[in-house]
Amino acid sequence: MTPLIEVHDLVRIYQIRRGLFGRPTPVRAVDGVSLSVMPGETLGIVGESGSGKSTLGRMLLGIDDADQGSVRFQGQPMPARHTAEWRALRAKMQLVFQDPLAALDRRVTIAKQIAEPLDIHKLIPREHQGSRVTELMRAVGLLDDQADRYPHELSGGQRQRTVIARALASRPKLLVCDEPVSALDVSIQAQVVNMMRDLQEKNGIAMVFISHDLKVVRNIADRVAVMYLGRIVEEASSDVIFRAPQHPYTKALVSSVPIPGKPLEGRVILQGEPPNPAKRPSGCAFHPRCPLVRDICRSVVPELQGIDEYRSAACHVVAGKTTPVAA
Ligand SMILES: Nc1ncnc2c1ncn2[C@@H]1O[C@H](COP(=O)(O)OP(=O)(O)O)[C@@H](O)[C@H]1O
Ligand SMILES: [Mg+2]
């Protein structure tokens, strides 16, 4: 089967100026990422802030240009940004990001905003719009009488539901969700994630679900890619990542997720500074924080490679020495 979206060796370099008169220096925010997502599949992308997740998400949609590498959607190269082909494709791939208030127009009612893509892409005749909007609102758990409300009259969760309904209006094949619940109360996060999972299962939409919070991804992702300073350091099915993480960074992330009924003993606390691409360490970028660091890690960048049939990891130490998946 052809992957819905497939990217190869993506690199994004930002020119960052230090201070007012500093010379711009290139910083690699995404540094050689390859991945693919099958139709209907949900790929979780996790990692601390600054690891390049949002940049990668924007490159998947062609909103941000790659400096190197390729993006293929349904087997075809991504057309250039702002061309007619790209716009047509954008109906099939939608972005949901963290801040629904920024995504919505304060002066326009909920129903009108959800109907917007139907107008833009001329998807259905005007007279059928009303019933389609009602259907979309119900699908995301909004009430019929909220149709004429304005964004500020809704809660944060309801606003994000509105954004999701609008993203679904054009019947996309792919949703890229960048920290979609991070701004919501913890009590609301699970409700919205569950709603998204139900929708995704019902409609067979593929999803790239980006979060700095591993426990949010746990309930929705089929597969998880862990990023550190612009690179994928481990990739496996969600189940395997949580049961038997291999990379020391993944281990630390997983051990910080509380499991109901299980004591937090043996917890790995991440030491050292959070990732900063302007100060990328040599060799394995994680080495200054790694409890297993060896000489080779300080000089040689580890490649992401299959370490067994279940997973890939980029680590000199764990390659060839994996923990069995069965507990
Ligand atoms: N438009 C930009 N200009 C310059 N630097 C950027 C820009 N966007 C992101 N960066 C830098 O790239 C790195 C990765 O950022 P980002 O993709 O937002 O990571 P994440 O979403 O994982 O927090 C960060 O160090 C950030 O400061
Ligand atoms: Mg981000």
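In the predicted model, an oxygen atom of ligand 1 is placed 3.1 Å from a backbone N or O atom of S51. A polar backbone atom of G52 lies 3.0 Å from an oxygen atom of the ligand, and the side chain of Y14 brings an N or O atom to 3.4 Å from a nitrogen atom of ligand 1. Taken on its own, ligand 1 has 560 Å² of accessible area, of which the protein covers 65%.

Two elements, β1 (5–17) and α1 (53–60), each give two or more residues to the shell around the ligand, and α1 provides the largest share of that shell, with 4 residues. The shell comprises 13 residues, of which G50, K53, S54, T55 and P277 come nearest to ligand 1. Divided by class, the residues of the shell are 4 nonpolar, 6 polar and 3 charged.

As regards the packing of nonpolar side chains, the largest nonpolar core of the model contains 61 residues, and within this core the residues with the most contacts are I164, M196 and F209. When neighbours within four places in sequence are left aside, M196 is in contact with I164 and F209, and also with C177, P180, M207 and I220. Another core, of 28 residues, lies apart from the largest one and includes V7, M59, I210 and A225 among its members.

Key. Residues numbered from 1 in each chain as written. Chains lettered and ligands numbered in written order. Predicted model: local features only at pLDDT ≥ 70, side-chain atom pairs only at ≥ 80, totals over all residues. Heavy atoms only, no water. Near = heavy atom within 4 Å. Polar contact = N/O pair within 3.5 Å; in protein donor to acceptor, adjacent residues only side chain to side chain. Areas by Shrake-Rupley, 256 points an atom, 1.4 Å probe, with all protein chains shown as cover. Nonpolar A, V, L, I, M, F, W, Y, C, P; charged D, E, K, R; others polar. Core = buried A, V, L, I, M, F, W, Y, C linked by side-chain atoms within 4.5 Å. Buried < 20%, exposed > 50% of the residue type's maximum accessible area, 1.4 Å probe, protein only. Contact = heavy atoms within 4.5 Å.
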